[in-house]
Amino acid sequence: MALPLDLESLTEAFSGNLGMGVDENALISTLGKSHKDHRKLFRKASKGFFVEDEERAFEKCHDHFVRHLKLEFSRFNNAVVMWAMHPWERDARLMKKALKKGEEAYNLIVEVACTRSAEDLLGARKAYHSLFDQSMEEDIASHVHGPNRKLLVGLVSAYRYEGNKVKDDSAKSEAKILAEAVASPGEEVVEKDEVVRILTTRSKPHLQHVYKHFNDIKGSDLLGGVSHSSLLNEALLCLLKPAVYFSKILDASLNNEADKTTKKWLTRVFVTRADHSDEMKEIKEEYNKLYGETLAQRIQDKIKGNYRDFLITLLSKSD
């Protein structure tokens, strides 16, 4: 099957012809506006760049392809590399990188585990098997020590129900469990089996009901009431108010004082959320509400060059 013209240009650029007649602006437009099915077609047709994992039914990057792209796209390479990848592989590699960095990056594990659909998280676990020859769960269990291990393993192991049915009596009962756990001294909240069970097995609509009942019971906001574990707070925010979570990390990444690691958050959020137009729209609305300016304007003011144009192109997908 012949590739569409725009994907032929993409293949030509990836083959090493950047700077030799390839229009970088056209390349940004092609990548940014491409549908996920188009990128799948590109991966399947580009045998020199991707290899099919038939057992797990996805296409993964050759390592030499990743190295090549990073070299060729020096100004916005991370965004291009991540955007070209299969979403499962992208999340699996993010998880692996977080484990290598250690405790300071464990919030990334929480982000992936709590903000992806059940199918996407399962796909990331399949990709992890393929890429690293071990399960995501066992790798986390062997690397993470201390009170957060139980929570992180539980979150990545989840396959949440995604329907709208909620048993309000159960939600109210579990809100009481959380209220007692937060109030009781001794063992950290994140180590309590019932707390971990609720956060790692319940559907997101169910957790919204738990959240409401908790706030009624305690007279205070659950999201501000768990002081013992910053990672638990991250999980709660990702599960209950993901648009707020993403808005906050985007704002941090665009701060003039942001360090190198924090600045990378910008690419991650744009690339991983751009194909989910409803989610990205919510993030844009929440960002505007929290910070009094549009995300597009902030990008225009803070970012320069092709990288800025690429981000704006991704942002426009949710218009």
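1. Ala57 is placed in the loop that runs between strand S1 (50-53) and strand S2 (58-61). The model under review is a predicted one. In this model the phi angle of Ala57 is near 60°, a positive value in a residue other than glycine. Ala57 has a relative accessibility of 53% and therefore counts as exposed, the cut-off for that class being over 50%.

2. The two strands on either side of Ala57 belong together. S1 and S2 pair in the antiparallel sense, and four bridges join them. Within this pairing, Asp53 stands opposite Phe58 in S2. The two strands form a hairpin with four residues between them, and the residue with positive phi, Ala57, is in the turn.

3. Asp133 also calls for comment on its backbone. Its phi is near 55°, again a positive value in a residue other than glycine. Asp133 lies in the loop between helix H8 (118-132) and helix H9 (136-143). With a relative accessible area of 72%, Asp133 is exposed.

4. How many cavities of 30 Å³ or more does the model contain? The count comes to four.

5. The lining of the largest cavity consists of Pro87, Trp88, Arg90, Asp91, Arg116, Asp120, Thr272, Arg273 and His276. Helix H6 (87-101) and helix H16 (260-273) each contribute at least two residues to this lining. H6 gives the most, with four residues. By class, the lining of the largest cavity comprises five charged, two polar and two nonpolar residues.

6. Which residues line the second largest cavity? They are Leu178, Ile198, Leu199, Leu207, Val210, Tyr211, Leu222, Leu236, Leu239 and Leu240. Three helices, H12 (193-201), H13 (204-218) and H14 (230-240), each supply at least two residues of this lining. The class division here is 10 nonpolar residues, no polar and no charged.

7. The two linings may be set side by side by class. Five charged residues occur in the lining of the largest cavity, whereas the lining of the second largest cavity has no charged residues. Among the charged residues around the largest cavity are Arg90, Asp91, Arg116, Asp120 and Arg273.

Definitions and conventions: Residues numbered from 1 in each chain as written. Predicted model: local features only at pLDDT ≥ 70, side-chain atom pairs only at ≥ 80, totals over all residues. Heavy atoms only, no water. Buried < 20%, exposed > 50% of the residue type's maximum accessible area, 1.4 Å probe, protein only. Pairing = 2+ DSSP bridges. 1 Å grid on protein atoms, 1.4 Å probe; cavity = no way out; pocket = protein on both sides within 12 Å on 5 of 7 lines; lining within 4 Å. Points joined across faces, edges and corners; volume = space filled by probe spheres on them.
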